[in-house]
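Dear colleague,

I am passing on the structure we spoke about, and below it you will find my notes on what came out of the analysis. Please read them with the coordinates open.

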Amino acid sequence: MSRFRNAVLTAALLAVASLASAQASKYPGVGRDATPKEVAKWDIDVRPDFKGLPAGSGSVASGQDVWEAKCAHCHGVFGESNEVFSPLIGGTSAEDIKTGRVANLSRTDYPGRTTIMKVATVSTLWDYINRAMPWTNPKTLTPDEVYGVTAFLLNLANVVPENFTLSDKNIAEVQNRMPNRNGMQTQHAMWPGNEFGGAKKPDTDNKICMNDCKPEAKVASFLPDFARNAHGNLAEQNRLVGQQRGADTTKPEPKAGTPVSAVPAATAVAAKAENSEGKAAMALLNKHSCTACHGVDKKIVGPGFNEVAKKYAGKVDYLAGKIKAGGSGVWGPIPMPPQTLPSADAQKIAEWISKGASK
Amino acid sequence: MKEDNINSGRVQKAPENFLTQGGIKEVFAEGKKGRRDFIRHAFAAAAAGAAAPMAMAQGNPVPTEGGDPHILNLPEHATGLGQGVAVEGYGKPSKYEANLQRRQSPGLTQTTQASVSFAPLQSLFGIVTPSGLHFERHHQGWWDIDPSKHRFMINGMVQKNMVFTVDEIMRLPSVSRFHFIECGANTAVDWGNVAVPTVQYTHGMLSCSEFTGVPLITLLELAGADLKNGKFVLAEGGDGSAMTRTIPMSLITSGEVLVAYGQNGEMLRPENGYPLRLIVPGVQGVSWVKYLRRIEVGDKPYAAKDEAVHYIDLQPGGLHRQYTNIQEVKSVVTTPSGGQVLLDKGFYNITGLAWSGKGKIKRVDVSTDGGRNWRQARLETPVLSKALTRFNLNWIWDGKPAIIQSRAQDETGHVQPTYQQLRGVRGTRSIYHNNAIQSWLVQENGEVKNVQVS
């Protein structure tokens, strides 16, 4: 009996020992070692001290070629466009490069803040372009192309000269010319933990007062009347039952004492007919990233679908062909590249546009 | 009136019930002329003489035929056969609820892929945001990722670099916790002045869910992370934007940061990071990296794009604050709120939400006169750390203009600031972390407007 028990015990111990050697873990069987190849593929971040930066180089001129082919249609030829994204370049001076503080940031009357005005670390530009650009094809640039595009942008901001070649060898020197390199501070109470040694006390110290806390309040800021319907009809953005309704902002504001017409829920619901064709078209437009460049009722990079619909009403075949082939010159200087989507989808989108492009 | 004994909702009888019919007429006639002292006298007189009950009931009058047709004529649903089970395999809200949609703010962004949709806070109850109405913030579009092909990696200052499948993450001991998520730029458009009409657009980059997942510390310990020298952790997304943010180590070692897969009892929605998302309680939404693919342990912060170009707070002297993470104490009244119309004078339940990135909400006060006088609101349960807390307060609207505000205090004692106090320190160009007290003007015509007060 005791021999049998010992045998069982020994077997159990052996089993535990073998498990422990395979996986010195509280949770055996969960997770495995990552291979060096796997880590290399995913570990792409570049820190401000350039840890993680791959070797390579790119000139301003080579960067300009990449820029014009892959970046300018969203960011503008000089990184100045605000049609799709906020401008990248502008607002910095030679003096800023000397001081490391962008003077325009302390002006309350300066209209915008470009990327180069804000960014303190050149590593951030390299890392972000490498991981997330171009917009519709992220992570497709080679390291040398990323060096080139970064050099081109820095040249637009006069941080580096026109004949400059940026590389892993000289990027630390470029860091010392970043216009806002001294523009950041981490001494605040909004980081949990002591890593930055920031303040412990919050910025504000409001007190709980219950009665006669201040003189009578006066309205100091409100929305002007012309903005009444700028966010759509608010009556359609509130529940149809409850202690309130939404204001009908398609009509002027009622005078005091006018009873609010509580629209019966059924009436309001019936009024909203489904546009299933529009829905299907929107799904296709999203699927094929058409909406990255075209709005339904507004211009983005390309014209709004409503504008196209007006110009080419009923011309299904023409529109289907244009979607596949791309084009330039009709709507402005930025060309539309040929699109690779199934012909059936192009046909459906073209039909929807030709009938007026309604959502 | 003892607040504790009063049930909230419209059916609550208002004190006007203790007035005579004639008295009511007089009160409102004089009230319209602005004679508040008269109102006080009228109430005092009414209290002295026992009054016959008199319902205001303007919203629900008895028709001349002696009864409500919705009562007298039985509807089809009371006299017919309803629908069967599983008509909808995944049920949808009533068709009468179609106005509740997350919405874009017109003109805010040029593309829909790098954009925001706002949650309809004006129509939500309690503290949980229905997953389909959760606010969205995408930096390069959203994806519906096959979970069987998604991988999670840990590398950097660890004994061994590791990879996990979603199956493996889901095998580990899990926790479920309620937390709010708020975009650092919530209420950004109102930093300088009033710019948008409703609470959906002022505060709608805010949601609260029950999240289920594995504490990140469990996974870091599994990989043998150097928690002494590895002071900073990078989180990285697996989508096109490959979003990266430096995550505070103190929140990881406290066990609060989760690698989550569950949200409100089901998996995360694709728009919210299916199948894996980092949960960083109390910290602005941009750190809650979606489609989470990698965690790196390091000894220095990373200055990723969204902590070096965006999500940095411009201060009056021209310096930017970097690595601002905590969403400080904040609250907002959701009804009555901008763009709503009150149907009539009488009783209302002022209701709203309070939250703090530093812990539990301790109290909320509500003012109906623009911050001059305040009353303490009821906090509804549950009151949880770094989660939304619902508050309610009884209010009788006299039909005159009222400016409604709420002011929250968290368990650290920090009280939500006024706009004057916040701008006094941070100026008006910060964009991020606007936690100022919100004002809603209830006008005599019942319409409620977004305003800022002196």
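In this predicted model, the centres of domain 1 of chain A and domain 2 of chain A, taken over C-alpha atoms, are separated by 32 Å. Domain 1 covers residues 57-175, while domain 2 is made up of two segments, 276-328 and 337-354. Where the two domains of chain A meet, six residues of domain 1 are in contact with four residues of domain 2, and the side contributed by domain 1 consists of three nonpolar residues, two polar ones and one charged one.

Helix 11 of chain A, residues 276-287, has twelve residues and spans 17 Å from its first C-alpha to its last, which is close to the 16 Å expected at 1.5 Å a residue. Just after helix 11 of chain A comes Ser289(A), whose phi is positive, at about 60°.

Is Lys330(B) buried or exposed? Lys330(B) counts as buried, because it has 28 C-beta neighbours inside 10 Å, where 20 or more are required. Leaving aside residues up to four places away in sequence, Lys330(B) touches Trp355(B), Ala408(B), Gln416(B) and Asn435(B). Pro417(B), for its part, is 87 residues from Lys330(B) in sequence, yet the C-alpha atoms of the two are 8.4 Å apart in space.

Definitions and conventions:
Residues are numbered from 1 along each chain as its sequence is written. Chains are lettered from A and ligands numbered from 1 in the order in which they are written. This is a predicted model: local features need pLDDT of at least 70, side-chain atom pairs count only at pLDDT 80 or more; totals for chains, interfaces and linings use all residues. Domain bounds come from an automatic or database domain assignment. Two residues are in contact if their C-beta atoms, placed from the backbone, lie within 7 Å. Ala, Val, Leu, Ile, Met, Phe, Trp, Tyr, Cys and Pro count as nonpolar, Asp, Glu, Lys and Arg as charged, and the others, Gly among them, as polar. A residue is buried if 20 or more other C-beta atoms lie within 10 Å of its own, exposed if 12 or fewer, and partly exposed in between; C-beta atoms are placed from the backbone. Helices (H or I, at least four residues) and strands (E, at least two) are DSSP runs, numbered from the N terminus. The expected span of a helix is 1.5 Å times one less than its number of residues.
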